[in-house]
Amino acid sequence: MERRQLEYFIAVVEHGGFTAAALALHVAQPSLSHAIRSLEREFGGRLFHRLPHGVALTAAGEALVRPAQQVLRDLSTASSLVREVLGLSGGRLDIVSQTTLSVDPLAGMLGRFHRAHPQVSVRVVDPEQGPAVAQMVAAGQCELGLVDASVTTADLRGVDLPEQEMHVVLPADHPHPAGDTITSRELVALDLIVTPPGTETRAAVDDVCAALGVTPRIAVETAHRAMIVPLVLSGVGAALLPTSMAQDAALHGARMLSHRPRLLRHGRLVWRSGPLSPAAQAFVDLAASPARD
């Protein structure tokens, strides 16, 4: 079995067919098909059902996906470790992160990381749901993950990140009394713009409402984060956002209020037990040290 065969197999899985996978890999489709057939011969059975439009995994193919992803991840880590010993630069770091944690603190952390290691390329994946972050790290799909600290991360290792304060943003002409604070009872009386259940900011809203025994007044529920601030600015309702996102909304004309008592949440950087690639280890070391800029 060759690394190339596993890479081709995962590409077909991710792209849903041989043609799309070949295009993504910049290889001829006959070469890719031959590699998959060779892999199937080695295993003694079909890995894909060939359909008129695309493919579907067989039971054997389903069983191979996670081990194949982990083998490729381990090979990548081994390659990076060897390059480090030889004093070579470069490498790649894959991070999976919930959206709000990607905005803050991940964006700032990556700024620090890039200044220290400009030769490393970084890919950030956004599955949104916290449990999916832990699953992708455990399966070896991404080496590191950022997840809300309330999410169970099983046997993954990790380090807690600094707390984030959540703020309420309102339309500029909202009748809420003048000032820069808002209470829980005032918050739950507002028409709210929220993300779907299971997301980090939705959990913060639901926790406040549950503590008061009320149901949130949802004006709009959307999975499209880019819509939230425009919806606030257009007068649809209020939203609960991390500091950096709330500050950005304020720059565009929204009112930014601090909740009293303060609403604090924090993320956790997680990884699998075992050796990390040099790039991942450097990022973990950065996360564990205080920012100096």
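Contacts between residues 24 or more positions apart make up 73% of the contacts in the chain with a separation of 6 or more. This is a predicted model, and its 293 residues include 46% that count as buried. The chain holds eleven helices and eleven strands, and its C-alpha atoms fill a box of roughly 70 × 50 × 35 Å along the principal axes. The accessible surface comes to about 14500 Å², with 55% of that belonging to carbon and sulfur atoms.

The UniProt record (an unreviewed entry) places the feature "domain: HTH lysR-type" at residues 1-58. That span is 62% helix and 10% strand, and its end C-alpha atoms lie 19 Å apart.

Helix H4 covers residues 59-85 and contains glutamine 69. Is glutamine 69 buried or exposed? Its relative accessible area is 14%, so glutamine 69 is buried. Leaving aside residues up to four places away in sequence, glutamine 69 touches Ile10, Ala139, Gly140 and Gln141.

Leucine 231 sits in helix H9, residues 225-233. Leucine 231 counts as buried because its relative accessibility is 15%, under the 20% cut-off. Its contacts, again not counting residues up to four places away in sequence, are Ile193, Val220, Val236 and Gly237. From leucine 231 to leucine 57, which is 174 residues away along the chain, the C-alpha separation is 41 Å.

Now for the charges. The chain carries 25 positive and 29 negative side chains, and the centres of the two sets lie 5 Å apart. Side chains of opposite charge can pair when their charged atoms come close.

| Salt bridge | N to O distance |
|---|---|
| Aspartate 94 – arginine 123 | 3.1 Å |
| Glutamate 165 – arginine 262 | 3.3 Å |
| Arginine 265 – aspartate 148 | 3.6 Å |

In the salt bridge between aspartate 94 and arginine 123, strand E3 (residues 92-97) supplies aspartate 94 and strand E4 (residues 121-125) supplies arginine 123, 29 residues apart. Aspartate 94 is buried at 7% relative accessibility, whereas arginine 123 is partly exposed at 35%. Both residues belong to a salt-bridge network that links Arg73, Arg92, Asp94, Arg123 and Glu143.

Arginine 265 and aspartate 148 form a salt bridge that joins strand E11 (residues 255-271) to strand E5 (residues 144-148), across 117 residues. Both partners are buried.

Glutamate 165 and arginine 262 also meet in a salt bridge, with glutamate 165 in strand E6 (residues 157-170) and arginine 262 in strand E11, 97 residues apart. Here glutamate 165 counts as buried at 15% relative accessibility, while arginine 262 is partly exposed at 49%.

Technical notes. Residues are numbered from 1 along each chain as its sequence is written. This is a predicted model: local features need pLDDT of at least 70, side-chain atom pairs count only at pLDDT 80 or more; totals for chains, interfaces and linings use all residues. Side-chain values use heavy atoms; hydrogens and water are left out. UniProt positions are given in the numbering used here, feature names are shortened, and annotations may be inferred rather than shown by experiment. Helices (H or I, at least four residues) and strands (E, at least two) are DSSP runs, numbered from the N terminus. Buried means under 20% relative accessible area, exposed over 50%, partly exposed in between (1.4 Å probe, protein chains only). Contact means heavy atoms within 4.5 Å. Accessible areas come from the Shrake-Rupley method with a 1.4 Å probe; for residues, only the protein chains shown count as cover. Lys and Arg count as positive and Asp and Glu as negative; His and the chain ends are not counted. The place of a charge is taken as NZ of Lys, CZ of Arg, CG of Asp or CD of Glu. A salt bridge is a side-chain nitrogen of Lys or Arg within 4 Å of a carboxyl oxygen of Asp or Glu.
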